[in-house]
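Here is a short briefing to read with the model open beside you. Take a moment to find your way around the chain, and then follow the topics below.

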Amino acid sequence: MDLIRIGDKLISMEKIIESIEEMLKLRQQGLSQAEVAKRFDTDRTFISRLENLGEVRKGKTIALVGFPIKNIDEIRDLAVQEGVDYVLLMTDKERWDFVYEKTGIELLNEVMGLIYKVRQYDVVIIIGSEQRLRLFKALLDKEVVSISIGKSPITQDKYIDPDSLREVIRKLKKGDD
């Protein structure tokens, strides 16, 4: 146990870390700062200051979904570097494997799960055929940024210009300021 003496108090670093982790977990689950503060018998402002102390980025959460992508590793790395919160990219082969390796109900459940997950983000960047872009816009009630890579059906992987995508992501993030 990691104990620290401050005057006549003996402080447990482990207890502090566990408490902070639990506070942040409750906030992540949707509890308000006031509700978390009440549970820990502290002030709401303490919870706010704790969040501010650990804040890495403020603003909109961003998801990136795209297929069929040729330079998938390059685009995934770029998205991570730019702080995109969720990335789902597939090659043409991966998207067809995704479809054919499941029963009808498994596919439906997985697609519904992915739609639910993507709807959790403030902005969704979609890379795909014009038909897929229209479908995603209809399914998502969030801000959708469309990047068209051609008319449906697209039967081969398409190269995505990393510099253009980086510019889109940075503009979205800049809009938060």
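Tyr100 is exposed in this predicted model: its relative accessible area is 64%, and exposed residues are those over 50%.

- Trp96 and Tyr100 both sit in helix H5, which covers residues 92–100.
- They are 4 residues apart, or about one turn of the helix.
- The ring centres of Trp96 and Tyr100 are 5.7 Å apart and the planes meet at 20°, so this pair counts as stacked, given that stacking requires planes under 30 degrees apart.
- Trp96 is partly exposed, at a relative accessible area of 38%, whereas Tyr100 is exposed at 64%.

- How many aromatic pairs does the model contain? The count comes to 2 aromatic pairs.
- Tyr86 and Tyr121 are stacked because their ring centres lie 5.7 Å apart with the planes at 15°.
- This pair links distant parts of the chain, as Tyr86 and Tyr121 are 35 residues apart.
- Tyr86 belongs to strand E4 (residues 86–89), while Tyr121 is found in the loop between helix H6 (104–118) and strand E5 (123–128).
- Are these two tyrosines buried or exposed? Tyr86 is buried with a relative accessible area of 13%, and Tyr121 is buried with 15%; both values fall under the 20% cut-off for buried residues.

**The sheet**

- An open sheet is built from 4 strands in the order E4-E3-E5-E6, with parallel pairing.
- Which strands stand at the edges? They are E4 and strand E6 (143–148), and each has a single partner strand, so one side of each has no neighbour in the sheet.
- From one strand to the next, the twist averages 10°.
- E5 and E6 run parallel and are joined by 6 bridges.
- Val123 has Glu143, in E6, as its bridge partner.

**Helices packed on the sheet**

- H6 packs on the sheet and touches strand E3 (62–66), E4 and E5.
- The direction of H6 makes about 145° with that of E4, the strand that holds Tyr86.
- Helix H8 (residues 162–174) also packs on the sheet, where it touches E3, E5 and E6.
- The direction of H8 makes about 165° with that of E5.

Terms used. Residues are numbered from 1 along each chain as its sequence is written. This is a predicted model: local features need pLDDT of at least 70, side-chain atom pairs count only at pLDDT 80 or more; totals for chains, interfaces and linings use all residues. Side-chain values use heavy atoms; hydrogens and water are left out. Rings of Phe, Tyr and Trp (its six-membered ring) pair if their centres lie within 6.5 Å; planes under 30 degrees apart count as stacked, over 60 as edge-to-face and the rest as tilted. Helices (H or I, at least four residues) and strands (E, at least two) are DSSP runs, numbered from the N terminus. Buried means under 20% relative accessible area, exposed over 50%, partly exposed in between (1.4 Å probe, protein chains only). Two strands pair if DSSP finds at least two bridges between them. Axes are lines fitted to C-alpha atoms, for helices over the stretch in contact, and angles run from 0 to 180 degrees between N-to-C directions. Contact means heavy atoms within 4.5 Å.
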